[in-house]
Amino acid sequence: MSCILRRLLSGGRAVYPAGAPCLHYSSAAPEFRERTLIAVKPDGVQRRLVGEIIGRFERRGFKLVGIKILQASEGILANHYHDLQRKPFYPALIRYMASGPVVAMVWEGHNVVKSSRLMVGETDSSQAKPGTVRGDFSIHISRNIIHASDSVEVAEKEIGLWFHGAELIDWETKDHTDLYNV
């Protein structure tokens, strides 16, 4: 189980079972605090891939600063996919994204936008490389598991759309191995 999931299940306390320490990285300098929006789409949530996806971002060394599960409103989706509204697949995309829960997350770290796009893989699952989220789990271009912002500017816009400022937490990462010496 990922560090974040253990923390959420323990009511936010940093409680980890003996022998299973979570590795944390020292706090990044402000110039390394780029943020991106990652959203596990309804097919990813329904297939129970949220923990796997969180684990991949944690192992990469990124810091989770916002997370929520929601049934996305048509308003949020219309704003989020505004640039695709003239595409023939737009109505089906909105129906699909509103069909089930979405897990929206904000991750922070050095070059997180570009790195996340590489981790996620190509939109078309037939072109996504093994080892990427879509290469490992996506079954079709219209059911591709995950969204990742494609630029820093788009990330800022998307984060503002999916999260209110108070829902994002600035926190310092620490090595909690001293908890085992109690």
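**Salt bridges, cores and rings in a predicted model**

I'll start with glutamate 52, which is partly exposed, with a relative accessible area of 31%. Its salt-bridge partner is arginine 59, and the closest N and O atoms of the two are 4.0 Å apart. Arginine 59 is exposed, at a relative accessible area of 58%. Before going on, please keep in mind that this is a predicted model.

How confident is the predictor, then, in mean pLDDT? The mean for the protein is 85, and 78% of the residues reach 70 or more. Residues 10–28 are a stretch where the pLDDT is below 50. In the model that stretch has 37 contacts beyond near neighbours in sequence.

Glutamate 108 belongs to strand β3 and arginine 35 to strand β1, so the bridge ties together distant parts of the chain, 73 residues apart. Is glutamate 108 buried or exposed? Glutamate 108 is buried, with a relative accessible area of 6%.

Glutamate 108 also meets lysine 63 in a salt bridge, here at 3.3 Å from N to O. This pair again links distant parts of the chain: lysine 63 lies in strand β2, residues 63–70, and glutamate 108 in strand β3, 45 residues apart. Lysine 63 is buried as well, with a relative accessible area of 9%. Through shared partners, the bridges join Arg33, Arg35, Lys63, Glu108, Asp170 and Glu172 into one network.

The charged end of lysine 63 sits over the ring of tryptophan 171, 5.2 Å from the ring centre. Lysine 68 does likewise with phenylalanine 163, where the distance from its charged end to the ring centre is 4.8 Å.

Now the nonpolar side. In soluble globular proteins, nonpolar side chains tend to be buried together. In this model, the largest nonpolar core has 23 residues. Which residues have the most contacts inside it? They are Ile53, Phe57, Met105, Trp107 and Ile146. The elements that each supply at least two residues of this core are strands β1 (34–40), β3 (102–109) and β4 (146–148), together with helices α3 (50–60), α6 (112–120) and α7 (133–137). There is also a second, separate core of 20 residues, and Ile76, Ile94, Tyr96 and Ile159 are among them.

Take methionine 105 from the largest core. Setting aside its neighbours within four places in sequence, methionine 105 is in contact with Thr36, Leu37, Ile38, Val40, Ile53, Ile54, Leu64, Gly66, Ile67 and Phe163. Phe163, you will recall, is the ring under the charged end of lysine 68.

Last, the aromatic rings. How many aromatic pairs does a search of the whole structure find? It finds 2. Phenylalanine 57 and phenylalanine 62 form a tilted pair, with 6.4 Å centre to centre and 40° between the planes. Both phenylalanine 57 and phenylalanine 62 are buried. Ring pairs link Phe57, Phe62 and Trp107 into a cluster. Two members of that cluster, Phe57 and Trp107, are also listed among the residues with the most contacts inside the largest core.

Notes
Residues are numbered from 1 along each chain as its sequence is written. This is a predicted model: local features need pLDDT of at least 70, side-chain atom pairs count only at pLDDT 80 or more; totals for chains, interfaces and linings use all residues. Side-chain values use heavy atoms; hydrogens and water are left out. Rings of Phe, Tyr and Trp (its six-membered ring) pair if their centres lie within 6.5 Å; planes under 30 degrees apart count as stacked, over 60 as edge-to-face and the rest as tilted. Buried means under 20% relative accessible area, exposed over 50%, partly exposed in between (1.4 Å probe, protein chains only). A charge sits over a ring if NZ of Lys or CZ of Arg is within 6 Å of the ring centre and within 35 degrees of the ring normal. A nonpolar core is a set of buried Ala, Val, Leu, Ile, Met, Phe, Trp, Tyr and Cys residues joined through side-chain atoms within 4.5 Å. Helices (H or I, at least four residues) and strands (E, at least two) are DSSP runs, numbered from the N terminus. Contact means heavy atoms within 4.5 Å. A salt bridge is a side-chain nitrogen of Lys or Arg within 4 Å of a carboxyl oxygen of Asp or Glu. pLDDT is the predictor's confidence in each residue, from 0 to 100.
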